[in-house]
Amino acid sequence: MAGVFVYSDKSGIALELVGCAKAAGKEAMVIVFSQEAAEEVKNSGADRVFILQGDNEVPENYAQAVADFLKEKSAELFLVGATARGRDLAARVAGYLDCPMASDVSAISFGDGKVTTERMIYGGAVTQKEELTGLSVVTVAGGKYAPIEGSAEVETVTVTPDNRVQLVERAPVERKGVNLQAADRVVCVGMGVEKEEDMQMIRDLAAVLNAEIGCTRGIAEEKHWLPPEQYIGISGAVIKPQLCVSIGISGQVQHTIGIRDSKVIVAVNNNEKAPIFKTCDYGIVGDLYEVVPLLIEELKK
Ligand SMILES: Cc1cc2nc3c(=O)[nH]c(=O)nc-3n(C[C@H](O)[C@H](O)[C@H](O)COP(=O)(O)OP(=O)(O)OC[C@H]3O[C@@H](n4cnc5c(N)ncnc54)[C@H](O)[C@@H]3O)c2cc1C
């Protein structure tokens, strides 16, 4: 069985990766490690769902088993969701297979025994194209491909995980921030805002838009006006809302990498040469202290 094998600990990303493989006309097989995970992906439009069943709860501990399984099935590609867990498993599997690997790619195309990937390097300033020959491992972030639908046959395969690491305890982390990744609308605030009390104006704008609030790194890490979970960019969150309203943000690449998948970007900046105007769909050159109250007033109508 050749074809593309898919894994993600986030089932939503697994569904997207199946969509990617099927859009390229490939057979798509999903690998999961539990019955519950199989339930979440069985209507993904994949050809098969394989439950690799062992007595260990840590997906990374299945790396050797996954590598052996991929070899046995003559897989042509192992596509993994680029989550923390996915990256960890992917690297180990590539290590056991001693095969090519490309991390966090933004595009994949299939050729004759080759896979071509694109990924950004140098903080997003350059796109690098790579060609991988033979069975390869590639990690892809969520939000790049559209999921499809269709029922898949589910098969359980008993495997032996590496039991040297055992899960001892899981404790939930209390999140203070908001779920920016899931937000439909985001108002993003930058260092153009002068005083902490002016953040109320941003909160008012977010309220009329029914939007979440994000920010640039300086607002979170230097000013501490918002928690670190709320800053957006290469070292922060990556968002994909329908609307992103950028207020007082210069638009450095380290930030725009996190907003550029937004459907519509509106920017307000008093410097007409600010790079954000190259990223946005609609730009307002003006003082945010004049423009934001006007926007709130108009949107309230
Ligand atoms: C390795 C590395 C990683 C980084 N990662 C991130 C990251 O993940 N996220 C991130 O955000 N940054 C990141 N940065 C920082 C990034 O390079 C920028 O410095 C940062 O994004 C700038 O934030 P800013 O636009 O809020 O501030 P500034 O660059 O200071 O821009 C403020 C803007 O506000 C405008 N302005 C000022 N007053 C007004 C007014 N009254 N009305 C309207 N506009 C006004 C100005 O014209 C200016 O364009 C990183 C940097 C490095 C080196």
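Me: How many bridges join strand 11 and strand 13, and in which sense do they pair?

Reply: Two strands pair if DSSP finds at least two bridges between them; here strand 11 and strand 13 pair over 5 bridges in the parallel sense, with R185 opposite L243 of strand 13. Helices (H or I, at least four residues) and strands (E, at least two) are DSSP runs numbered from the N terminus. The model is a predicted one, in which local features need pLDDT of at least 70 and side-chain atom pairs count only at pLDDT 80 or more, while totals for chains, interfaces and linings use all residues. Residues are numbered from 1 along each chain as its sequence is written, and side-chain values use heavy atoms, with hydrogens and water left out.

Me: In what order do the strands of the open sheet lie, and which are the edge strands?

Reply: The 5 strands follow the order 12-11-13-14-15 with parallel pairing, and strand 12 and strand 15 (282–285) are the edges, each pairing on one side only.

Me: Which residues of helix 5 are buried, and why do they line one face?

Reply: An α-helix has 3.6 residues a turn, so residues three or four places apart point the same way. Buried means under 20% relative accessible area (1.4 Å probe, protein chains only), and in helix 5 (residues 199–209) this applies to M199, M201, I202, L205, A206 and L209. Seen down the axis of helix 5, these residues fall within an arc of 155° (taken from the directions from the helix axis to the C-beta atoms), so they line one face.

Key. Buried < 20%, exposed > 50% of the residue type's maximum accessible area, 1.4 Å probe, protein only.
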